[in-house]
Amino acid sequence: MKQHFITRFLVFFFSSILIIPSVLAQSAIKTTLVSGPGRDRSEGPAMVCDGEFATKWCVDSPRQMPYTIVLDAGQATSVVEYGLVTGDDTSSYTDRNPVAWRLSGSNDKETWTTLDDQKNNRAMPDEDFQECRFKPQSKGSYRYYRFEFFRVKGGTRIQLSEIFLYNTVQTPVETTFVSGSGSGSKEAQPQSRFGARTIQEGPEMVADGFLFSKWCIDEPSQMPYNVILDAGQPTPISEYRFYTGDDTHSYPERNPITWRVSGSNDKQNWTTLDEQKGNRRLRDENEQEYRFKPAQTGSFRYYRFDFIQMIAGTRLQLSEIKLFK
Ligand SMILES: [Ca+2]
């Protein structure tokens, strides 16, 4: 068992190559910039549709407000969801997220139909490289999409690293638990007025649909910890989400920072879909959702998550892992 563990660890290290994040969502419509305010070069408006999270549109020009970006979808397309992605330093400059905007569609760039109107939407997080998705109130088939940003959280500077348009809605994948590290062991709770209580904190808790139940394991001999989920049939995923535990605010060191996601159709041959090393995006907050796009995709029935390192120590906890098409 120990040898198996060491072998897996070595395989991980020797096979680890730097994966350049391929951040363009699989289902995003390819768009080009028609017009928008800002510089031509490094932080210009074209940066919202270059497919790279690393490049952003950043402008502070109050006279040009509302900041208006027009994108060309190439052909008439119905947008059922759109995504705004925060910048590379939004966690340091939290005022730059838009809070009021309007989305309109057109086929001639003259007559515009309002599709969505957000007056004070603070859903975008104060975090770097985070995509926030919105469903427009109206739909229709349009070639051109216009975003008018009326207001940001504070001041007049806006920044976005990408704007994604989608013609398919992101749907959750129903999964069932296959196997995982930990025995479903019980953690004895202190004596309370309810009597001695035990709580199940086995790996199956990440797939029970509840945030108040969690997988919590501290068994160094079993590291890296893994959990396998069954999507029922071969299913490509565009996103996976981790949800922190019910007391992560008190125990932030339990958040994973290095992990690998793999897919398989026979539970024997695994294809690496994503590797994250030293990723500290999960924060010291309880039951919070964090979204990740796998670097690779493929149609797999089984998805395996290997947790290689936490912020500190050997205890891992997550309340849910969810997959999305
Ligand atoms: Ca970009």
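This is a predicted model: local features need pLDDT of at least 70, side-chain atom pairs count only at pLDDT 80 or more; totals for chains, interfaces and linings use all residues.
Start by selecting the five strands β1, β3, β8, β5 and β6. They form an open sheet in the order β1-β3-β8-β5-β6, with antiparallel pairing. Now pick out the edges: β1 (32–35) and β6 (113–118) each pair on one side only. Look along the strands next. Neighbours in this sheet are turned against each other by 25° on average, direction ignored.

**β5 against β8.** Select residues 98–106 for β5 and 141–152 for β8. Eight bridges join these antiparallel strands. Pro 98 stands opposite Val 152 of β8.

**β5 against β6.** Move to the other partner of β5. Five bridges pair β5 with β6, in the antiparallel sense. Select Gly 105 and find Thr 113 of β6 opposite. Then follow the hairpin between these two strands, where six residues lie between them. Stop at Lys 109: its phi is positive, near 65°.

**Gly 83.** Leave the sheet and select strand β4, residues 81–85, which holds Gly 83. Is Gly 83 buried, partly exposed or exposed? Gly 83 counts as partly exposed because it has 18 C-beta neighbours inside 10 Å, and buried would take 20 or more. Show its contacts beyond four places in sequence: Glu 131, Cys 132, Arg 133 and Phe 164. Finish with a distance from Gly 83 to Gln 130. Their C-alpha atoms are separated by 9.6 Å, although the two lie 47 residues apart along the chain.

Key: Residues are numbered from 1 along each chain as its sequence is written. Two strands pair if DSSP finds at least two bridges between them. Helices (H or I, at least four residues) and strands (E, at least two) are DSSP runs, numbered from the N terminus. Axes are lines fitted to C-alpha atoms, for helices over the stretch in contact, and angles run from 0 to 180 degrees between N-to-C directions. A residue is buried if 20 or more other C-beta atoms lie within 10 Å of its own, exposed if 12 or fewer, and partly exposed in between; C-beta atoms are placed from the backbone. Two residues are in contact if their C-beta atoms, placed from the backbone, lie within 7 Å.
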